[in-house]
Amino acid sequence: MKPVRFLTGITTSGTPHLGNYVGSIRPAVRASLQHGVESFYFLADYHALIKIGDPNRVQRSTLEIAASWLAAGLDPQKVVFYRQSDIPEIPELTWFLTCVTGKGILNRAHAYKAMVDKNNASGIDPDSDVSAGLFMYPVLMGADILLFNADKVPVGRDQIQHIEMARDMASSFNHRYGEHFALPQAEIEATVATLPGLDGRKMSKSYDNTIPLFAPREQLKKLIAGIVTDSRAPGEAKATEGSALFDIYQAFASAEETAALRQAYAAGISWGDAKDLLFERIDREIAPMRQTYQRLMDHPEQVEALLLEGARKARAIATPLMITLRDAVGLRRLKQTTSASTTPEAKLAPACFKQYRETDGLFYFKLVSAKGDLLLQSLGFDSPKDAGQSIAFLRKSGVAGLATLEKNLVQVQDHLKPAIAEALASLQ
Ligand code: TRP
C-alpha cells in the first residue's frame, strides 16, 4: 500500500518551549516512527518573515528549532526534514496558486481578519500594519502542502481554515489545468493537551509565560518554582483541578506517577515538594536531549548539512512536479509547433501527448503523431501526476528517455522509433 504522506511546517519565529514540545514536537516525532507513513517536516522560514523583521532572530530560531526537533529524536534518514527557503519551487508555486485564488477567500482568513477587526475597533485604518505577506500567508502555506501532494497535515485547530483553503486552491487549479494535486486533509490530534504556562493560562510566547524546552537545569528549576499555585499551606489537601503544576506533571508522567501525585495532593504535599517532583520528572525526560541540543547548537554546520540533504530529497520531488506544472499553465519554450496547435485552421495538428483516465481508475497517456498515428502507449499510473511527470520527462529527454520509462510503457515498436524521435523533438 502507498504510504500516507504527512507534512507539517514550523514557523521559525521563536525558541521552542515545553508547550511546543508536548503539543507538537513529541507527537510529531512519535508519529514519524510509525510504519506506513512518510513524514515531511520543514522549517517555515518564509512564514517567519511575515512576523519577524530581525534577521538574526530568524536565523537563530531556525537553528534552535532544527536542533530541538533533532534532539527530540527526529530521524533525518526517515523524515524529509528541510528548510522552506531551500526550495525555490515553493515561491514559484505560490504564484501559480495566487492566480487561482479568489481575493475574497483571503479576506476571510482568520489571522488577517483579526488584524482588520482590531484596527476597525480602534477606529484606525483597517489595513494599518497589515502587510501583504500576512494577507498572502494562506497561499504560501497552500504551496508548502500541495507541492508535495501531502495527504495529511497535522496542525493545531487555528490552522484548519488554512488547510481548507489549500483544498480550494488545489481544486481550482485542477479544474483549470487538469488533475495535478491531491486534496490534503487537516489532522487534529485530539489527545494532545495544551500545556498551561507559568501563570496558568495556555503556555504561549504571546503571554510571556513559557518554560524554554532546553533551559539549563538551574534555570528550569527556577522557572518551575515560579509556577502559580494557591496559598494552601503544607499539610493542607490540595486540588488537582485547575492546578497548572499538576497538568504539566501529567503531560510528562506515566499514569501511575500521575495517580501518585494525585494522592500526594490529597495528603497535603507542600507546594515546594510538588515543584521538586515536577522538576525532577521533566528533567528526567529532557536531560538526555539537552545534551544533544547543546552539541548541535555548538555545531550549526552539522545542522546545516542535514537540512541541505533534506532539501535535496524534497527537491527530487518538487522539481519534476514544477516542470509539469509550468507546462500545464503554458510557461513553455516557444516553438513553431506549439503556436500551430493554437491555430484551429492549421493544416496539420502537431504530434501531441494525450492524457486520460480509463474505467480501471488508472491514468494513462499516449503519444500521437501529427498524422494521427499512435506512437507510444503508457501503462496505467496511480495518479495523474505520475503520468504527467513521465510526459515531462520524455519531452525533456527525447527518445533517449524511452529506456528509463520502459516498465511504464507498452513495448515500443522498433520501426516507430524514428517517428517517436521526430515527434518528441517537435515537442521539446
Ligand atoms: N502556519 C503554520 C503555523 O503557524 C506553519 C506552517 C507553514 C505550516 N506552512 C505549513 C503548517 C504547511 C502545516 C503545513 O503553525
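Which side chain has an N or O atom 2.4 Å from a nitrogen atom of the ligand? That is tyrosine 137, in a pair that counts as a polar contact (N or O atoms within 3.5 Å).

Some ground rules. This is a predicted model, where local features need pLDDT of at least 70 and side-chain atom pairs pLDDT 80 or more, while totals for chains, interfaces and linings use all residues. Residues are numbered from 1 along each chain as its sequence is written, and side-chain values use heavy atoms, with hydrogens and water left out.

Back to the ligand. Aspartate 144 places a side-chain N or O atom 2.7 Å from a ligand nitrogen, and for glutamine 159 the distance is 3.2 Å. Of the ligand's own 370 Å² of accessible area (Shrake-Rupley, 1.4 Å probe), the protein covers 87%. The shell takes two or more residues from each of β1 (4-11), β2 and α7 (132-146); these are DSSP runs, H or I of at least four residues for helices and E of at least two for strands, numbered from the N terminus. In total, 14 residues surround the ligand, each with a heavy atom within 4 Å of it. Gly9 and His47 are among the closest.

Next, helix α1. Its 15 residues, 18-32, should span 21 Å at 1.5 Å a residue, and the end C-alpha atoms, 20 Å apart, agree with that; the expected span is 1.5 Å times one less than the number of residues. At isoleucine 25 the helix bends by about 35°, the angle between axes fitted to the seven residues ending there and the seven starting there. Proline 27 follows within four residues. Both Ile25 and Pro27 are buried, meaning under 20% relative accessible area (1.4 Å probe, protein chains only).

Terms used:
Buried means under 20% relative accessible area, exposed over 50%, partly exposed in between (1.4 Å probe, protein chains only). A polar contact is a pair of N or O atoms within 3.5 Å; within protein, one must be able to donate a hydrogen and the other to accept it, and residues adjacent in sequence count only if both atoms are side-chain atoms.
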